Amino acid sequence: MTTFTILLNGDIFVTNRLLNQIRKSRVIAADGGMRHAAALNVVPELWLGDFDSCDQTLLHTYGDVPREAFPANKDATDGALACQRALREGAQRLILCGAFGGERSDHSLSHMTQAIAMEEQGISVLLTSGREEGWPIVPKPFSCDLPDGCLLSIIGFSDLQGLTMSGVQWPILKQNVSFGSSLTLSNRVCGTFYCHLYYGKAIILASIPAYS
């Protein structure tokens with residue numbers, strides 16, 4: 001499976017788990033996301049965006065990385081353009097590194113909705129800051145490896161029908177969850193996490209211990 005890591009301009013906390021997740025992936029930096037390259041010990045194959053979030057030091061340090069420049073007035077974010085480029089290059093799985101935090105909550109929310117849309121098209125997506133991970137959930141079985149005891153929530157982006165969740169402190173079996181409900185917040189992992197959704201769309205958010 002061809003995996004691309006997209007460096008975004010949110011927060012990054014480098015952990016062994018994060019380094020293992022991005023290992024052997026191809027890397028594209030979106031604008032200011034390039035600032036994370038050194039800490040992650042990667043050199044992107046492409047750096048794209050309008051470069052309005054990059055200072056001269058960053059531009060000089062990575063002067064040898066191929067660039068694709070876009071105008072500031074455009075109809076897509078730099079992160080979305082990076083994802084589109086990765087998909088054109090054959091990506092089957094995306095890791096949106098730096099998807100959370102930063103100064104723009106609208107960008108963080110947009111990363112989540114974009115991830116859901118890509119998951120609906122059959123593209124596997126992981127959103128991460130190193131300390132927090134997210135996965136889009138659509139109507140199909142889903143399982144992932146999470147540290148025991150980590151805090152986990154499911155945030156619905158619609159009404160959820162037939163939600164089943166196991167490997168958690170408070171399992172759910174074929175539960176309908178109204179949009180806006182807090183029923184699926186603040187659970188804890190205890191075993192192999194699994195969920196299945198009959199109808200709807202959601203994001204799983206997990207708080208990852210620093211030692212992972």
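Reply: **The second largest pocket and its surroundings**

Domain 1 (3-130) and domain 2 (141-207) each contribute at least three residues to the lining of the second largest pocket; the domain bounds come from an automatic or database domain assignment. The model is predicted, so local features need pLDDT of at least 70 and side-chain atom pairs count only at pLDDT 80 or more, while totals for chains, interfaces and linings use all residues. Residues are numbered from 1 along each chain as its sequence is written, and side-chain values use heavy atoms, with hydrogens and water left out.

A pocket is here an open set of points on a 1 Å grid over the protein atoms alone, where a 1.4 Å probe fits and protein lies on both sides within 12 Å along at least five of seven lines; lining residues have an atom within 4 Å of a point. The volume of the second largest pocket is about 240 Å³, taken as the space filled by probe spheres set on grid points joined across faces, edges and corners. Its lining comprises 15 residues, and Arg93, Trp135, Phe142, Ser143 and Cys144 are the closest to the centre. Two or more lining residues come from each of α1 (16-22), β6 (124-128), β7 (132-137) and β8 (142-144). These elements are DSSP runs numbered from the N terminus: helices (H or I) have at least four residues and strands (E) at least two. By class, the lining of this second pocket divides into six nonpolar, three polar and six charged residues. Ala, Val, Leu, Ile, Met, Phe, Trp, Tyr, Cys and Pro count as nonpolar, Asp, Glu, Lys and Arg as charged, and the others, Gly among them, as polar.

One of the residues closest to the centre, Cys144, deserves a separate remark. The structure holds zero disulfides, a disulfide being a pair of cysteine sulfur atoms within 2.5 Å. Accordingly, Cys144 is in no disulfide, and the nearest cysteine sulfur, that of Cys195, is 7.9 Å away. With a relative accessible area of 12%, Cys144 is buried; buried means under 20% relative accessible area, exposed over 50% and partly exposed in between (1.4 Å probe, protein chains only).

Another cysteine, Cys190, has a relative accessibility of 44% and therefore counts as partly exposed. Its sulfur lies 10 Å from the closest cysteine sulfur, in Cys150, which is too far for a bond. Val189 belongs to strand β12 (residues 187-196) and is buried, at a relative accessible area of 3%. Val189 and Asp148 are 41 residues apart in sequence, but their C-alpha atoms are 5.2 Å apart in space.

For comparison, the largest pocket has a volume of about 520 Å³. It is lined by 27 residues, of which Asn9, Ser53, Asp78, Arg104 and His107 lie nearest its centre. Both α4 (78-88) and α5 (105-120) supply at least two residues of that lining, and α5 gives the largest share, three residues. The lining of the largest pocket has six nonpolar, twelve polar and nine charged residues.
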